[in-house]
Amino acid sequence: MDGEKKALNVRDSLRELNRRYLGLAALAGANPPLARAAGLSPDQLAAAADCPYALFDLRFGDGAHWSARLQGAPQWYVADSPQVGGEAVEFVRLALFFVWHVATSAPLHAQLLLGMPRSVAAAFALLTVDRLPGIAIAEAGNLAPRWQSCNAYWNALIDAAANPSALGLRRAQLRGIQFAAAVRLLQGPIAAGGP
């Protein structure tokens, strides 16, 4: 029962992060299909966000990037501040705290929900919470929609949320599960001996 409760809490937090991200991305308008999310009602936005995987990405699948980023304690200077808005930095801080928590308490969830290789989840689990704010500032410029080049996915998700159709929404969410599974298969096995 305790494991089920933990999984529900992770899923609820992920749903809230997805909702927050969709609202942020809609305002930024960087991705045309996501800009359409600005027209969704709060209930429709919540329906679109109710996916069993992250809708946002911070290059989580890039093991080399995160290996270099997490190796040492970088020094940050004012000139290093990201060229993104404060809301994006705040979102990334919150998202990285979620990532750290999940990687620490349920590394398999980090791999499945976020598309992380096992090595990246393990590296996050070794961090102390004090490192997260500096990493968030550095990574805020990498915040992007997951599968950002797949407009068909994003259009289907936004359309299904905008026109209440449980079947259409489920189909769009299943397409995301297929994408996540394909990426996970490319990364190798989840069990010992994988990346």
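Colleague: How many disulfides does the count come to here?

Modeller: A disulfide is a covalent bond between the sulfur atoms of two cysteines. The rule applied here asks for a pair of cysteine sulfur atoms within 2.5 Å, and by this rule the count comes to zero disulfides. Before we go on, note that this is a predicted model, in which local features need pLDDT of at least 70, side-chain atom pairs count only at pLDDT 80 or more, and totals for chains, interfaces and linings use all residues. Residues are numbered from 1 along each chain as its sequence is written, and side-chain values use heavy atoms, with hydrogens and water left out.

Colleague: Are Cys51 and Cys150 buried or partly exposed?

Modeller: Buried means under 20% relative accessible area, exposed means over 50%, and partly exposed lies in between, using a 1.4 Å probe and protein chains only. Cys51 has 1% relative accessibility and therefore counts as buried, while Cys150, with a relative accessible area of 22%, is partly exposed. Of the 195 residues of the chain, 39% count as buried.

Colleague: How many helices and strands are there in the chain?

Modeller: Helices (H or I, at least four residues) and strands (E, at least two) are DSSP runs, numbered from the N terminus. The chain has 10 helices and two strands, and their order from the N terminus is α-α-α-β-α-α-α-α-α-β-α-α. In helix α6, which covers residues 107-114, the buried residues include Ala110 and Leu114, and just after α6 Gly115 takes a positive phi of about 75°.

Colleague: How many aromatic pairs does the structure hold?

Modeller: Rings of Phe, Tyr and Trp (its six-membered ring) pair if their centres lie within 6.5 Å; planes under 30 degrees apart count as stacked, over 60 as edge-to-face and the rest as tilted. The structure holds 12 aromatic pairs. One of them joins Tyr53 and Trp147 edge-to-face, at 5.3 Å centre to centre and with 70° between the planes. Tyr53 lies in the loop between α3 and β1 and Trp147 in the loop between β2 and α9, so the pair ties together parts that are 94 residues apart in sequence. Both Tyr53 and Trp147 are buried.

Colleague: Why is the pair of Phe60 and Trp66 called stacked?

Modeller: The ring centres of Phe60 and Trp66 are 6.3 Å apart and their planes meet at 20°, so the pair is stacked. Phe60 counts as buried at 0% relative accessibility, and Trp66 is buried with a relative accessible area of 0%. Phe60 and Trp66 belong to one aromatic cluster, with Tyr21, Phe56, Phe91 and Phe124.
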